[in-house]
Protein chains: 2
Amino acid sequence: MTETPFSVEILPDNVKVRARAGEVLADVLLRAGIPLSLYCHQRGVCGKCAVRVLGGPLPFPAALEASLLEKRGLGLDHRLACLYIIRGDVTVETLPGSRLESVAVLDTGLASAAYVEPAVKKLSLVLEKPSLFSPTAVADSLKGQLKSPGLGLSLAALSKLGRSALGPRRPLAVILYDDREVLDIEPDEPGREVFGLAVDLGTTAIVAELVDLRTGRIADRASAVNAQSSYGADVVSRITFAFENPDNLRRLKSAAVQLINDLVGTMCRRSGVPRHRIYDAVVAGNTAMNHILCGVAVDSLALAPFHAVFSALPPLPAAEIGFALHPQARVYVSPNIKSFVGGDITAGLVAADLAAKPGTGLFIDLGTNGEIILKRNSEFVATSTAAGPAFEGMNISCGMLAVPGAIYRAEWDNGFKVRTIDDLPPQGVCGTGLIDILAGAVTSGLLGRDGRIAGPDKRIRLTERLSLTQQDVRDVQLAVAAVRSGVRLMLREFRLGAAELDRILVAGAFGSSLDLSNAVALGLLPDVPLEKIAFIGNASLAGARLLLVSRPARAVAETLASKVSHVSLATRPDFQDEFVRALEFDRYPKSE
Amino acid sequence: MTETPFSVEILPDNVKVRARAGEVLADVLLRAGIPLSLYCHQRGVCGKCAVRVLGGPLPFPAALEASLLEKRGLGLDHRLACLYIIRGDVTVETLPGSRLESVAVLDTGLASAAYVEPAVKKLSLVLEKPSLFSPTAVADSLKGQLKSPGLGLSLAALSKLGRSALGPRRPLAVILYDDREVLDIEPDEPGREVFGLAVDLGTTAIVAELVDLRTGRIADRASAVNAQSSYGADVVSRITFAFENPDNLRRLKSAAVQLINDLVGTMCRRSGVPRHRIYDAVVAGNTAMNHILCGVAVDSLALAPFHAVFSALPPLPAAEIGFALHPQARVYVSPNIKSFVGGDITAGLVAADLAAKPGTGLFIDLGTNGEIILKRNSEFVATSTAAGPAFEGMNISCGMLAVPGAIYRAEWDNGFKVRTIDDLPPQGVCGTGLIDILAGAVTSGLLGRDGRIAGPDKRIRLTERLSLTQQDVRDVQLAVAAVRSGVRLMLREFRLGAAELDRILVAGAFGSSLDLSNAVALGLLPDVPLEKIAFIGNASLAGARLLLVSRPARAVAETLASKVSHVSLATRPDFQDEFVRALEFDRYPKSE
């Protein structure tokens with residue numbers, strides 16, 4: 001008999017599982033599905049996995065374990081789950097502070113199964129005193145104490161270890177990346193938290209968030225129009241500009257880097273967080289934006305067949321990109337799906353958690369490109385449509401980004417009643433406002449289903465100052481048709497009818513909310529019961545934040561990026577016909 | 001029956017082995033102990049492992065294979081061993097150019113079992129043309145073609161891939177580090193070889209070699225007095241200087257870096273090799289020298305118990321150290337054995353190949369520290385003795401480094417007959433000369449066994465101008481006693497007598513040859529038959545070169561560094577007694 005199965009009762013979950021003698025309690029709790037915080041990766045140095053032992057063997061704690069429990073103010077009946085070895089039947093109670101915290105991913109409150117498990121962690125420890133009899137090098141003592149023989153130590157970190165102020169017997173804080181690389185070593189003092197930066201690197205606008213990596217909470221958010229716009233409004237013009245000569249590529253790169261550094265400066269000033277306490281960043285942008293940010297030549301994106309140079313990148317030194325954060329900070333670039341679908345979409349897909357949901361699902365990101373990903377069970381197919389900048393309010397005579405003052409909702413009631421972001425006086429119309437207005441105009445007869453404006457002056461009046469022109473309507477009409485034909489061809493790829501879709505997730509930074517019934521009435525979205533559709537807003541930003549605070553999310557993103565197959569609409573013979581048929585402002589035909 | 005054993009006959013070795021159907025020929029040859037060149041790591045892109053198929057199945061070669069064979073001017077009956085699958089009995093003949101080349105490690109011509117297998121390799125290939133239907137990113141095509149999904153690509157390398165000049169269908173050269181990291185990508189043009197730098201970073205002198213990484217051949221060698229000497233002649237004074245303030249550490253670091261860059265400049269000028277074609281460097285120095293070169297604070301080496309900060313380091317970016325080589329070049333620092341025995345000694349041990357030799361062995365490196373490593377079967381024990389700089393000719397009134405003009409051999413024949421390096425007029429005496437002179441002086445009665453000089457003027461005259469003083473003799477006497485007591489305590493550690501030593505390898509940069517009988521007569525080396533002793537010269541430099549051209553040697557060094565146990569002489573109660581007894585210029589007592 002080498003195995004004695006014991007019973008482990010877990011409160012307050014009221015879960016009972018069997019465990020073998022010699023098993024580590026932490027492993028048993030994980031096996032039972034308890035989301036236990038294993039911040040230090042079961043090295044016994046962080047104290048986060050403490051549990052209360054209500055019944056069963058209670059051996060003396062080790063010296064470090066006792067001091068960690070004492071630090072948390074826990075009583076004598078507490079132990080660290082990562083050090084507790086099963087030796088008999090046991091009843092334990094998990095503590096609120098010992099469980100993983102969920103990440104609030106989407107502003108819309110859609111549930112997420114993700115927990116805070118960042119790549120950057122801060123561990124506290126005291127190095128053992130060396131002696132003449134144990135000639136172990138200081139770095140090797142650190143590796144031993146962190147149970148990490150392959151621990152990566154930069155020369156900067158080694159040099160700090162060599163300074164007597166950080167020598168043996170002094171309390172140290174080690175900032176660890178991915179549980180295997182030391183970013184910094186410093187005296188362990190309270191109040192020095194670790195922060196991260198999430199960036200939605202849009203062609204039009206850049207949004208950044210400062211995030212507390214311990215809790216996953218957003219400390220601040222800042223945004224600005226992408227400073228690269230002065231070199232070209234859209235991706236294609238910027239690729240062309242960069243292709244002209246390497247200096248142009250550098251100009252575009254530094255415009256984005258400088259702007260992000262400025263946004264970081266603003267957030268740091270407002271929140272009181274020093275720049276050098278930002279150790280990790282995630283950037284979600286489209287393929288061209290990612291290439292330019294990394295300073296990678298985009299010649300291959302400028303010339304047919306328009307291939308990306310890279311899809312996924314390993315974490316990069318932030319200093320190499322030019323970000324002014326901690327000198328050893330890392331940047332994770334959300335991976336592209338092959339050449340054509342950007343890392344912003346991968347991030348959005350991760351935030352939408354589409355992969356984890358059963359059945360069929362459609363993810364639509366409405367930006368300059370309409371990106372469409374269709375899922376059936378574990379199969380994914382993706383495409384991009386050239387929707388143009390209409391959904392972002394660009395090229396529309398009175399269009400604007402979804403910023404304060406933008407009309408984001410409108411209702412026809414013998415004239416348009418409009419709502420603006422932050423209730424400011426209306427300055428223009430953003431994407432979601434355009435959908436409402438066109439739907440209302442069709443209902444009221446101001447606009448034909450063919451997109452022709454009735455009446456002599458060919459204008460749809462919104463307010464005294466603001467109106468849409470025939471040209472504006474045509475731009476939206478083309479954008480809607482691009483998305484609609486894309487969705488229909490994707491459905492055809494999997495031989496699915498719209499009615500077979502279990503859910504549709506619509507993402508985009510083009511408004512703070514989207515009227516789904518209007519979107520369906522215009523034919524932008526398939527005609528399915530509205531409860532199957534959700535508008536999840538800026539999913540790229542939410543995804544960037546998720547990738548920042550959850551390492552498992554990075555694994556999901558990388559799997560998605562490699563497994564999604566891509567369909568190029570341009571290579572499909574039925575695309576033109578589908579596109580022309582989609583040029584009517586009307587619901588999807590019921591037959592499909 | 002899933003396995004059909006076939007016969008593989010290998011010429012010109014006349015070896016016959018059995019192989020299963022489906023096995024790769026290259027694996028079969030390796031299994032048979034044939035040193036086959038697998039330069040591209042069996043990726044089928046370098047063509048180096050070509051063999052002639054004299055009998056047996058001969059399927060058509062793949063397109064790339066055929067072009068590689070054609071490039072080497074080989075006939076239709078040749079195939080690449082890494083692509084040839086066993087499908088029947090076969091007779092193959094290896095070609096001279098398809099076998100690994102041995103490394104000439106030691107100038108003394110001692111044999112070495114090492115083959116040229118450098119960390120940096122240059123592979124030639126042509127990327128496949130992408131299409132709209134295969135949206136693979138360019139970098140992913142490269143990974144696929146190199147059969148290396150985890151291939152590391154720097155942003156600099158990615159950016160080059162993005163430039164159309166290096167795009168698909170153009171012949172590329174990929175400079176690969178450790179078979180998994182791309183250092184550079186360039187148009188594939190002939191004559192662009194890859195070079196490496198081996199550095200013996202001595203406290204007193206720095207010697208550098210420029211090495212062709214494809215062949216292991218030395219292209220040039222250059223040396224100079226360590227420029228750090230102006231901040232302190234010995235290690236302790238430099239550690240103290242660095243400890244005083246961080247600026248001093250930076251001064252010491254840049255003195256060494258600048259000097260090495262100058263030596264590289266000299267060698268590149270002389271050999272016509274551009275600096276940027278040096279992609280890898282190995283540095284072998286003692287613990288303090290390594291720390292200072294890396295800019296790592298040496299506080300812990302300045303204060304008892306004198307611990308190193310690091311023992312082994314991962315390969316570092318050369319630019320981080322400050323070396324002016326290829327921008328992406330790497331530096332491998334020969335690992336320390338724990339805190340007290342430096343990477344120069346590890347390198348020397350690897351060059352001496354002590355680990356591979358059976359039985360017992362003693363390795364003595366005579367420098368400012370006398371480093372002693374004793375091996376019994378697979379056990380190793382090491383110690384350092386403070387020999388002082390006498391063996392390097394320092395602190396001796398007419399002493400000098402082993403450079404042209406130094407007396408390196410001397411014979412007593414009613415006055416000293418001396419030989420100088422390069423036969424120049426004698427300028428002073430180097431370490432090996434001192435040994436000869438003192439041995440001769442004892443034999444002739446000029447010098448007592450207690451180290452007292454006979455005669456009124458207390459001088460040993462060498463030439464008209466040169467003589468040794470009583471103080472000079474005392475310095476050598478202390479140095480010899482330090483080494484001798486160290487050796488005796490090491491032997492005691494393993495309960496071995498000197499007669500049980502199978503071999504003694506004496507290393508040191510203190511002369512171009514050492515008269516072993518004189519070294520034994522003075523008691524510097526144990527009294528064993530002279531054929532058991534070999535003087536191997538500057539083993540640190542030879543070891544640095546070996547680590548540069550042989551990755552397996554790096555693995556040996558790392559294993560040694562972690563498995564050698566260290567004895568601190570200072571902590572042994574019998575050290576003082578042994579030291580005093582060793583102060584006599586005489587052979588080892590026969591009893592031990």
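Predicted model: local features only at pLDDT ≥ 70, side-chain atom pairs only at ≥ 80, totals over all residues.
1. Helix α10 of chain A. This helix spans residues 343-352. Ten of its ten residues are buried, so α10(A) is largely enclosed by the rest of the structure. The buried residues are A:G343, A:D344, A:I345, A:T346, A:A347, A:G348, A:L349, A:V350, A:A351 and A:A352. The residue that follows α10(A), A:D353, has a positive phi near 60°.

2. Packing of α10(A) against α14(A). Helix α14 of chain A covers residues 539-549, and its axis lies 7 Å from that of α10(A). The angle between the two helices is about 75°. They are therefore roughly perpendicular to each other, since angles of 65 to 115 degrees are classed in that way. From α10(A), the contact involves A:D344, A:A347, A:G348, A:V350 and A:A351. On the side of α14(A), the partners are A:A539, A:S540, A:A542, A:G543, A:A544, A:L546 and A:L547. By class, the contact of α10(A) with α14(A) comprises eight nonpolar, three polar and one charged residue.

3. Packing of α14(B) against α15(B). In chain B, helix α14 (residues 539-549) packs against helix α15 (residues 551-563) at an angle of about 120°, and the axes are 5 Å apart. That angle makes α14(B) oblique to α15(B). Helix α14(B) contributes B:L546, B:L547, B:L548 and B:V549 to the contact, while α15(B) contributes B:R551, B:A553, B:R554 and B:A557. The residues of this contact divide into six nonpolar, no polar and two charged.

4. With a relative accessibility of 8%, B:V116 counts as buried. The C-alpha atoms of B:V116 and B:L546 are 8.6 Å apart in space, although the two residues are separated by 430 residues in sequence. Neighbours within four places in sequence aside, B:V116 is in contact with B:L100, B:E101, B:S102, B:V103, B:L213, B:R214, B:T215, B:G216 and B:V549. Of these, B:V549 also belongs to the part of α14(B) that meets α15(B).

5. The two sides of helix α2(B). Within this helix, residues 63-71 of chain B, the buried residues are B:E65, B:L68 and B:L69. Viewed down the axis of α2(B), these buried residues fall within an arc of 100°, so they line one face of the helix. B:A63, B:E70 and B:K71, on the other side of α2(B), are exposed. The cover over the buried residues includes strands β3 (50-55) and β4 (78-80) of chain B. Just after the helix, B:G73 adopts a positive phi of about 70°.

6. Cysteines. How many disulfides are there over all chains? The count is zero. A disulfide is a covalent bond between the sulfur atoms of two cysteines. For B:C398, the closest cysteine sulfur is that of B:C430, at 11 Å, which is too far for a bond; the cut-off applied is 2.5 Å. B:C398 counts as buried, at 9% relative accessibility. B:C268 is buried as well, with a relative accessible area of 9%.

Technical notes
Residues numbered from 1 in each chain as written. Chains lettered and ligands numbered in written order. Heavy atoms only, no water. Buried < 20%, exposed > 50% of the residue type's maximum accessible area, 1.4 Å probe, protein only. Helix = DSSP H or I, 4+ residues; strand = E, 2+ residues; numbered from the N terminus. Arc of directions from axis to C-beta. Contact = heavy atoms within 4.5 Å. Axes fitted to C-alpha atoms, helices over the stretch in contact; angles between N-to-C directions. Parallel < 35°, antiparallel > 145°, perpendicular 65-115°, else oblique. Nonpolar A, V, L, I, M, F, W, Y, C, P; charged D, E, K, R; others polar.
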